[in-house]
Amino acid sequence: MNLTSDHPFWSVRNGLVGDYPSLTCDLICDVVIVGGGITGALAAFHLADAGVSTVLVDKRDIGTGSTSGSTGLLQYEVDVPLRKLAQQLGPAKANRSYQLCLEAVNKLESLVKKLRIRCEFEKKPSLFVVRAKNEIPELREEFHLRKKLGIKLDFWEEAEIKKHFPFSRPAALFSRDGGQVDPHRLTFGLLKNACDRGLKNFDRTEIVRFVSNRRGIELITDKGFKIKARRVIIAAGFESKKYLDSEAGTLKSTYALISEPVSDLRDWHRRSLIWESGSPYLYLRTTAENRIIVGGEDEPFVNATRRDAMIPEKTRILLRKFARLFPEIKLETAYAWAGTFGGTKDGLAYIGKHRSLSHAYFALGYGGNGITYSLIAAEIIRDDFLSRKNPDAAIFAFGR
């Protein structure tokens, strides 16, 4: 699957951060991970840090799949509002899923500091705005539900929004706890630290066949080499669906641009993450270099040729929408790209075992919380492999 167009910003700017060989021999390990993006990197680090013999393989260069096209927003909000999620899963599981995403943002911050990974991680507040007045009652309900969980946020009416930003909207939720990161550098930083703990890492190594037996699983590469393991983790992002015999989410195309550096961001309150309700949605963030990322404009198809042909028009639409919010900031597009994006009915990731493949875990971080879900997946899978009870595993299980 062609996951992104040719020029996602992170991999272009960062270049070749790390160089790994392709697999040229047979191996035996405890766990093999298929996928060298942020999901695989987090799983690899958590397992290697726990002393588990781990191998990671990717058919591309490391970090050049969906991770290179991620816009690096870190949020506790699930794509499905808390009030609706409570109807789907029950209040306890819905509340816990929001708490887990909030905890994941803070855990990522601690991990980056502990490992001294230079990946432009920053904690940021976030502003979620509604477009129409008839959305205000539901937004108030959402505010009260989150407040009961101890989430730090404020309900802003139109006057408060206008006080802090150069645009007006009927209402918004201003949350204290969000974040942003360069996902490409974070991936390489995690893998370096995992390799220091014993991880064996290989790119340009495609797995073409799985052979399961009573004791574990054997993976065969496109060059005929074999990896024997007790378990495999499928961390291949949106390409993981080919390993499943049932629906695990829906895929679509999404678009993003990043600007040249901007000289004046004084009207952007605390450089908050910003996104709007509605469909197609819009989201914005800044970077450490004073660039601005604008994304959204999803389309319900995944054909790469058709998707990429729409980049010029989608870029113009994103620029127009940005100009309505920040008319004094004149954006010059540095890069624009498109990618594949996934979602689920309840907005939650799928994590754990599935009947489609024996001795396998899946880590499918579908949705706008992809990076935070990847942290949650790494913990759940590590705990299961080590026979530890993880009380939150059922929230993200297949068949829930």
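The model is predicted, so local features need pLDDT of at least 70, side-chain atom pairs count only at pLDDT 80 or more, and totals for chains, interfaces and linings use all residues. Residues are numbered from 1 along each chain as its sequence is written, and side-chain values use heavy atoms, leaving out hydrogens and water.

Start with strand β10, residues 226-234. Helices (H or I, at least four residues) and strands (E, at least two) are DSSP runs, numbered from the N terminus. Two strands pair if DSSP finds at least two bridges between them. Strand β1 (residues 27-34) pairs with β10 in the parallel sense, over 7 bridges. Strand β17 (residues 360-364) also runs parallel to β10, joined by 3 bridges. There, Ile233 has Tyr361 as its bridge partner. Strand β9 (residues 217-221) pairs with β10 in the antiparallel sense, over 4 bridges. Ile220 stands opposite Lys226. The hairpin of β9 and β10 has 4 residues between the strands, and Gly224 takes a positive phi near 90 degrees.

Now look at the nonpolar cores. A nonpolar core is a set of buried Ala, Val, Leu, Ile, Met, Phe, Trp, Tyr and Cys residues joined through side-chain atoms within 4.5 Å. Buried means under 20% relative accessible area, exposed over 50%, and partly exposed in between (1.4 Å probe, protein chains only). The largest core has 73 residues, and Ile33, Leu190, Ile233, Ile376 and Phe396 have the most contacts inside it. Helix α5 (residues 91-115) gives the most to this core, with 11 residues. A second, separate core of 29 residues includes Phe202, Ala229, Phe238 and Leu251.

Next comes helix α8, residues 183-196. Its expected span is 1.5 Å times one less than its number of residues. With 14 residues it should span 20 Å, and its end C-alpha atoms are 20 Å apart, which agrees. The helix is mostly covered, with 10 of its 14 residues buried. Among them are Leu186, Phe188 and Leu190. Just after α8, Gly198 takes a positive phi of about 115 degrees.

Finally, the cysteines. A disulfide is a pair of cysteine sulfur atoms within 2.5 Å. The count here is 0 disulfides. For Cys101, the nearest cysteine sulfur is that of Cys119, 19 Å away. Cys101 is buried, with a relative accessible area of 0%. For Cys195, the nearest cysteine sulfur is that of Cys29, 13 Å away. Cys195 is partly exposed, at 26%.
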